[in-house]
Amino acid sequence: MSETLLMLLLVLMLQVAAGQYRLVCPTPLIKAAAGDRAVIECHVDPPVNLKTKTVEFSKVDPYEVLLVHRSGEVDPDQSSSRISLSDEDLKRGIVRLQISPVQLSDSGLYKIRIPQLKAHCTFDLSVEKKDPEQNRINTQDDNTTTETKPKKPDENHVGAIVGGILGAIVLAGLILVLVKRRKKIWRKIGG
């Protein structure tokens, strides 16, 4: 019974250690001017080739799937002509989406999801009218941007490190239990 429980715990810990992927979005709020191009970049931490993974891009409220990338191709039945995905960046673990031209109705909460990695991120897109005199977004603050760049990946992959340490501890415990059981079996057989 205790061996089964220990094996189950080991399997769970190794899955947790192996599945420590995060999809990191640059900012929770992305501002864009109507008629411009909005670029959303996020990256998987730690980096992994996403070409063979499923990448889903959807609007949260009201729920609408806008783009699905499966097995190296964008699903034509689940894509909008105004949304594109950079195929080349997927190889480096970067999801780079472009919405062009953005419309006022595009404002809202969005989600990017990679089901195989159990990773997702959400961001809010705020589309505002352009100020025709200054050719920029008409807002009260000046730190608005149409194109955002991802933050650099964390140098310390804390989740992966902690998961790896816990996995090593569980593995060492399992080996210890198996070695002790082996000695008992040898005593019974060999005397």
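This is a predicted model: local features need pLDDT of at least 70, side-chain atom pairs count only at pLDDT 80 or more; totals for chains, interfaces and linings use all residues.
I take buried to mean under 20% relative accessible area. By that cut-off Cys42, at 0% relative accessibility, counts as buried.

**Entry: the cysteines**

I looked for disulfides and found 1 in the structure. Cys25 and Cys121 form the disulfide, and I read 1.8 Å between their sulfur atoms. The bond links distant parts of the chain, with the two cysteines 96 residues apart. I find Cys25 in the loop between β1 (22-24) and β2 (29-33), while Cys121 belongs to strand β10 (residues 119-128). Next I checked how accessible the partners are. Cys25 has a relative accessible area of 15%, so it is buried. Cys121 is buried too, at 6% relative accessibility.

Then I went back to Cys42, which is in no disulfide. The nearest cysteine sulfur belongs to Cys25 and is 4.1 Å away. A disulfide needs its two sulfur atoms within 2.5 Å.

**Entry: strand β4**

Which way do the residues of β4 point? I see Val55, Phe57 and Lys59 pointing one way and Glu56 and Ser58 the other, and all are buried. With 5 of its 5 residues buried, β4 (residues 55-59) is largely enclosed by the rest of the structure.

I followed its partners next. β4 pairs with strand β5 (residues 64-70) in the antiparallel sense, over 5 bridges. A hairpin of 4 residues joins β4 to β5, and I noted Glu56 opposite Val68 in β5. β4 also runs antiparallel to strand β9 (residues 108-114), joined to it by 4 bridges. There I found Ser58 standing opposite Lys111 of β9.

How values were computed
Residues are numbered from 1 along each chain as its sequence is written. Side-chain values use heavy atoms; hydrogens and water are left out. Buried means under 20% relative accessible area, exposed over 50%, partly exposed in between (1.4 Å probe, protein chains only). Two strands pair if DSSP finds at least two bridges between them.
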